[in-house]
Protein chains: 2
Amino acid sequence: MAEADPIRRLIHQLSRLPGVGEKTATRLAFHLLRADRAICLDLARALEEVSAQVGLCGRCANLAAIDPCPTCRDERRTDDTICVVERPQDQWALERAPEYRGRFHVLHGALDPLSGIGPEQLQIASLLHRLAPAAVREVILATNPTVEGEATALYLARLLKPLGVKVTRIAQGVALGSEIEYADQGTLSRALAHRHDFG
Amino acid sequence: MAEADPIRRLIHQLSRLPGVGEKTATRLAFHLLRADRAICLDLARALEEVSAQVGLCGRCANLAAIDPCPTCRDERRTDDTICVVERPQDQWALERAPEYRGRFHVLHGALDPLSGIGPEQLQIASLLHRLAPAAVREVILATNPTVEGEATALYLARLLKPLGVKVTRIAQGVALGSEIEYADQGTLSRALAHRHDFG
């Protein structure tokens, strides 16, 4: 009955999700079957809607149901600064920081030649396109502080500087509320190198 | 944009799954958005099909897309023995033990007065109905070796014995406090082989 049975089919589909093995998929499937069927259909509808409605914003390349996306439409934000992130969820996190009132741009990844991710696979052409009208004065590079994220930031800096735009990188150091004792060596080296006048 | 945004709506629906918090739901949602859209739609379709097609088998009360279910239709199985389990996934586990070639009956829970689960909330009337034609000679009680499962087994034994049917309980080869769904095949085989008179 393997694949012909709808329960097994649901388990198979659930087990394709990241971090969900067959046992977890089975548990989730039986939960959905035992619970109110509305939960099952609500989830199905949410998946269909997201698939049908969500696309890339024509300006910032973020995932959104409308184009331009709500952040690009937000009139309280200024056009003179663009914060470049790797993924949409990075933008979500940065939007919670109330200090930043500029725009965003989502690369959808980071340079990773070994995995075949070059500049053409990222939303870099669309970023350059946004800089053309010269209204943008600063680009903040907020790619992850990983090998790939650093390489991407370096690549973008070399690409953007000749265009006369100010290029900055988010500060790297010890996280607020963390303990220095447990910070890794790379973080501490960066925190020391980027120390600033204080008091 | 909270609930109006389809991505947030999908995250909300995913976070209703057991063991899935908001962070995991967000990770799953963005995976589904980043991955091939077919994965998203395949999962939606699987959820709809399971919701539309799966119901209780009119004989054994197991969840199945056809009525009677494949196990009740299986002509290699004999009608003289019924193995009573709490949940469909318990039956799935026991079906893997090749020694048992009889039928099953799914109670859909165990007696739990504190949660308002009495005999009326379980598939006990349908079990009694199956015993009426007197073709059944033995009922194996394979409820979980938990407080509720033991109480349910005891209740069923007292109910069934006066009907002249042999009532057995799976051996306590399965560890106390564990769940049948997750027991290994060897343990389940031992538990079936060592069933004993009960009540």
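Q: Is Gln13(A) buried or exposed, and how is that decided?
A: A residue counts as buried under 20% relative accessible area, as exposed over 50%, and as partly exposed in between, with a 1.4 Å probe and protein chains only. In this predicted model, Gln13(A) has 10% relative accessibility and counts as buried. Gln13(A) belongs to helix 1 (residues 6-14) of chain A, where helices are DSSP runs of H or I with at least four residues and strands are runs of E with at least two, numbered from the N terminus.

Q: Which residues does Gln13(A) touch?
A: Contact means heavy atoms within 4.5 Å. Leaving aside residues up to four places away in sequence, Gln13(A) touches Ile39(B), Asp42(B), Leu43(B) and Ala46(B).

Q: What conventions stand behind the numbering and the values?
A: Residues are numbered from 1 along each chain as its sequence is written, while chains are lettered from A and ligands numbered from 1 in the order in which they are written. Since the model is predicted, local features need pLDDT of at least 70 and side-chain atom pairs count only at pLDDT 80 or more, whereas totals for chains, interfaces and linings use all residues, and side-chain values use heavy atoms, with hydrogens and water left out.

Q: How is the size of the interface between chain A and chain B described?
A: The size of an interface is often given as the accessible area lost when the parts come together. Here chain A and chain B bury about 4700 Å² between them, with 71% of it on carbon and sulfur atoms; this buried area uses a 1.4 Å probe and is summed over both parts. In chain A, the residues that lose the most area to chain B are Phe30(A), Leu47(A) and Trp92(A), together 14% of what that side buries. Counted by residues, 43 of chain A are in contact with 42 of chain B.

Q: How do helix 3 of chain A and helix 3 of chain B cross?
A: Two packed helices are described by the angle between their axes and the distance between the axes. The axes are lines fitted to C-alpha atoms over the stretch in contact, and the angles run from 0 to 180 degrees between N-to-C directions. Helix 3 (residues 37-53) of chain A and helix 3 (residues 37-53) of chain B have axes that come within 9 Å and cross at roughly 155 degrees. That makes the two helices roughly antiparallel, a word for angles over 145 degrees, while angles under 35 count as roughly parallel, 65 to 115 as roughly perpendicular and the rest as oblique. By class, their contact has 12 nonpolar, two polar and four charged residues; Ala, Val, Leu, Ile, Met, Phe, Trp, Tyr, Cys and Pro count as nonpolar, Asp, Glu, Lys and Arg as charged, and the others, Gly among them, as polar.

Q: At what angle do helix 1 and helix 2 of chain A pack?
A: Helix 1 of chain A and helix 2 (residues 22-34) of chain A pack at about 125 degrees, with their axes 8 Å apart, and are therefore oblique to each other. Their contact divides into 10 nonpolar residues, one polar and one charged.

Q: What is phi at Ala61(A), and where does this residue lie?
A: Ala61(A) has a positive phi of about 70 degrees although it is not a glycine. Ala61(A) is found in the loop between strand 1 (55-56) and strand 2 of chain A, and is buried, with a relative accessible area of 2%.

Q: Which residues does the cis peptide bond in chain A join?
A: Asp67(A) and Pro68(A) are joined by a cis peptide bond, with omega about 0 degrees. Pro68(A) is in the loop between strand 2 (63-64) and helix 4 (70-73) of chain A.

Conventions
Buried area = accessible area lost by both parts, 1.4 Å probe.
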